[in-house]
Amino acid sequence: MSVSLQEPVSVWQKYQTFKAQNPGKYARDIAAEFGISEAELPFARLGHDAVRLHDDARAILAALEAAGETKCICRNEYAVHEQTGSFTNQHLSGHAGLVLNPRALDLRLFMSQWASAFHLREKNERGERQSIQFFDRQGDAILKVYATPQTDMAAWETLAARFVAQDAQPLNIQPAEPQTYADTADHDRLEQEWRAMTNVHQFFGILKNHNLSRPQAFRLVSDDLARRVTNNALAQLLETVQRDGNEIMVFVGNRGCVQIFTGTLEKVAPMKGWLNVFNKAFTLHLREGDIAESWVTRKPTEDGHVTSLELFAKDGTQIAQLYGQRMEGQPEQAQWRAQLDALAAQGSAA
């Protein structure tokens, strides 16, 4: 059953008034203020500063390669991941896709979740800001792609014109299906399968076989595989990594997309409840107060175990994951492992 939508005309009028009074408010916050999904905002702006695009997200993403540099924003309720880069090295077959540019634009795409797309032209104090924004069936933003001063605007405008939806259908916003997990699991079998892994990607299959969430699985295994740490672990880790200068990987995602940063951290700046990282081509904003669980996990691979810090909100949302930079076939950084071992030594038993 679809969620009822507010009348687009009234939303547009409310949006103009609210935006004039609150110029710094982000679309996600404005939608929440109005009691609508975020996708309903650009839908209400059709004919004003928004255009509906075809729902063929694969074709739009493929065409974005010609536009060169863009700035992509991937977020969930608790973290915002911004990365500048180009849509090169795309692999978009099947339900999953990749934009594979380590240390630049690096995306994991779950295409069955992509439902609608819009081209927006927004006026601001600097002139006009253009973006192409993708949303899922729940009306939540999957990925927002912004033009930068280095974007090939001729290619961008060609793309925007090419993919205009000639017969824009109404939005069909669907409520999210609640995820249910098993109440119990075979602890010994879970641990045996975990220890038998040869690749970190096998972990998804283990969770599926046992019908467990990640935190559930972490609680069931021994401390050498998953150990809960204090929720200020991320702040400590970011400061340590920035000081030590080793390369790490930061994953932030939602239903339809995970965006990955790889590199060193140039500036770490906690501010008003947010943990922030500011690099030239990467920015992270994460709401530290909403971290409800923090885990240091170790997963076996053919190259030795891989250590990560995984962060969860109270509602179970995975806020972010952090790994040490590692190429396939290489062992994990000794420095990264020591940094996370120090966190785990401070943690309490799960």
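# Reading contacts, cores and strands

Trainee: Which residues is I319 in contact with, leaving aside its neighbours within four places in sequence?

Mentor: Contact means heavy atoms within 4.5 Å. With those neighbours set aside, I319 is in contact with N76, Y78, A79, F251, V252, L286, D290, I291, L311, F312 and A313. Residues are numbered from 1 along each chain as its sequence is written, and side-chain values use heavy atoms, with hydrogens and water left out. This is a predicted model, in which local features need pLDDT of at least 70 and side-chain atom pairs count only at pLDDT 80 or more, while totals for chains, interfaces and linings use all residues.

Trainee: Which residues touch the most other members of the largest nonpolar core?

Mentor: A nonpolar core is a set of buried Ala, Val, Leu, Ile, Met, Phe, Trp, Tyr and Cys residues joined through side-chain atoms within 4.5 Å. Buried means under 20% relative accessible area, exposed over 50%, and partly exposed in between, with a 1.4 Å probe and protein chains only. In this model the largest core has 31 residues, and L234, L237, L286, L309, L311, I319 and L322 touch the most other members. Two or more residues each come from α9 (233-244), β11 (248-253), β13 (274-278), β14 (282-287), β16 (306-312), β17 (318-324) and α10 (334-346). The largest share of the core, six residues, is given by α9. Another core, of 27 residues, lies apart from this one and has I60, L61, L64 and A117 among its members.

Trainee: In what order do the nine strands of the open sheet stand?

Mentor: Two strands pair if DSSP finds at least two bridges between them. Here the order is β4-β5-β6-β12-β11-β17-β16-β15-β10, with antiparallel pairing. At the edges are β4 (90-91) and β10 (226-229); each has a single partner strand, so one side of each is left without a neighbour in the sheet. Elsewhere in the sheet, β11 and β12 (residues 257-263) pair over six bridges in the antiparallel sense, and V250 stands opposite F261 in β12.

Trainee: Which residues lie on the two faces of β16?

Mentor: In a regular strand the side chains alternate between the two faces of the sheet. In β16, V306, S308, E310 and F312 are on one side and T307, L309 and L311 on the other, and all are buried. The strand β16 is thus listed as mostly covered, with seven of its seven residues buried.

Trainee: How many bridges join β16 to β17, and how many join β15 to β16?

Mentor: Five bridges join β16 to β17, which run antiparallel, and F312 stands opposite Q318 in β17. These two strands form a hairpin with five residues between them, and G316 in the turn has a positive phi of about 95°. Seven bridges join β15 to β16, also in an antiparallel run, with R298 opposite T307 in β16. This hairpin has six residues between its strands, and G304 in the turn has a positive phi of about 100°.

Trainee: How many salt bridges are there?

Mentor: Side chains of opposite charge can pair when their charged atoms come close. A salt bridge is a side-chain nitrogen of Lys or Arg within 4 Å of a carboxyl oxygen of Asp or Glu. By this rule the count is 28. One of them joins R326 to D303, with the closest N and O atoms 3.2 Å apart. R326 lies in the loop between β17 and α10, and D303 in the loop between β15 (293-299) and β16, so the pair ties together parts that are 23 residues apart in sequence. R326 counts as buried at 18% relative accessibility, and D303 as partly exposed at 24%. In another, E193 pairs with R189 at 2.9 Å between the closest N and O atoms. E193 and R189 are four residues apart in helix α6 (residues 187-195), which separates them by about one helical turn. There is also a network of salt bridges linking R28, E77, R287 and D290.
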